[in-house]
Amino acid sequence: MFLQHTFPPLRTYRLSVIVSLLFLLLALSGCGAAGPSDGPNDSDNVKAAQASDGKNGSSPSPNDKDAGKTAGDSAQQTAKMKTVSTVKGDIQIPVQPQRIVAEEYLGSLIALNVIPVGAPGLTIKNYYFKEALAGIADTGVYGKPSAENIIALNPDLIITGNGETYDVLSKIAPTLVIPYGDLKNVHQELAYFGDLLGKEDKAKTWLAEYDRRIAAAKAKVDAVIPAGASFSIMEDGEKTTWVYGDNFGRGGQPVYQALGRKPPAEIADTLMEKQWAELSAELLEKYAGDYIVMTSNNRTAEDFKADPIWRNLPAVKNGNLYVWPEERSWYYDPLAVLAQTEELAEWLAKHGK
């Protein structure tokens with residue numbers, strides 16, 4: 001079975017053609033003759049658009065032009081992407097990210113005048129730069145970020161040192177994982193982020209000032225502390241003690257890297273390779289240097305002098321023990337390392353005289 005095509009009678013067909021032509025003529029004449037009484041013309045449309053922009057038909061001022069140019073440039077930069085190689089493979093990130101969530105490496109960003117929109121509460125309270133972070137959103141517990149908090153910030157880049165959170169974070173925004181220890185020192189860290197964020201000149205300027213201040217601190221210490229004096233970086237756990245290398249916070253970066261000091265020779269290689277060790281009371285003497293920089297929230301230098309285990313160590317007996325709380329020693333970002341180095345240099349300079 002099939003459908004048979006039928007056609008309208010000829011008279012009906014001609015009438016429909018005539019009506020169509022008449023409508024076409026009326027439409028054409030209306031387009032050419034429309035005046036003020038017929039509705040807005042092109043000029044009126046321009047004026048209306050200008051009025052809606054707040055310009056009331058006047059020429060844009062220089063500020064307006066700059067604002068438009070800046071907004072346009074910002075939009076273009078935001079839209080531009082680049083490929084970055086990471087431990088999670090190549091990822092696409094904005095060339096100039098505008099809304100960074102910094103789960104890690106916050107100090108490096110601040111040194112480059114890049115203030116993120118969010119960071120973990122623990123790092124926001126960093127002793128060395130917390131004033132610079134007033135109003136920054138808390139993204140949750142350090143190492144366990146809140147996806148809900150981060151989503152609310154609408155980030156365009158997330159920076160973390162914890163690969164375990166990558167699957168969650170990468171679903172929110174491009175996520176850059178830089179495992180702790182991959183960047184070995186202040187120079188590597190600042191240079192890396194300067195290149196990543198297009199702040200190479202700022203990084204070079206900051207590092208030049210950093211080197212100047214570190215050199216001054218080192219000279220101050222070298223003038224009064226013998227070159228062969230050994231240093232230990234320790235943390236008091238009341239029932240146990242930990243010792244650290246040059247890239248694990250607690251003062252390791254300023255003492256071993258910035259001031260160029262060394263741990264006791266017998267354990268130096270092992271310690272620097274592993275970066276930490278838990279010590280029994282029997283091992284204290286082996287790991288204790290001529291100077292000890294100790295993290296402790298509960299005990300003072302006087303408390304250690306009164307302790308029967310500690311008081312016989314040369315560093316404690318000679319008063320070469322520096323005790324500070326974890327809120328000052330734990331951080332290892334460039335800003336913290338600079339401040340810690342100068343703090344320890346002041347103590348050593350006064351103590352060595």
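This is a predicted model, where local features need pLDDT of at least 70 and side-chain atom pairs count only at pLDDT 80 or more, while totals for chains, interfaces and linings use all residues. Residues are numbered from 1 along each chain as its sequence is written, and side-chain values use heavy atoms, with hydrogens and water left out.

**The largest pocket**
- About 550 Å³ of space lies in this pocket (a pocket is an open set of points on a 1 Å grid over the protein atoms alone, with protein on both sides within 12 Å along at least five of seven lines; lining residues have an atom within 4 Å of a point).
- Its lining has 25 residues, and Glu104, Tyr142, Tyr180, Trp330 and Tyr332 are the nearest to the centre.
- At least two lining residues come from each of helix H4 (106–111), helix H5 (121–124) and strand E7 (144–145) (helices, H or I, of at least four residues and strands, E, of at least two are DSSP runs, numbered from the N terminus).

**The second largest pocket**
- This pocket holds about 180 Å³ of space.
- Among the residues lining the second largest pocket are Gln96, Arg99, Asn113 and Lys199.

**The cavity**
- The structure has one cavity of 30 Å³ or more (a cavity is a set of grid points where a 1.4 Å probe fits but cannot get out).
- The largest cavity has a volume of about 100 Å³ (the space filled by probe spheres set on the points, which are joined across faces, edges and corners).
- Of its 15 lining residues, Leu183, Glu189, Asn247, Gln253 and Tyr332 are closest to the centre.
- Helix H8 (186–196), helix H10 (252–258) and helix H16 (334–352) each give at least two residues to the lining of the largest cavity.
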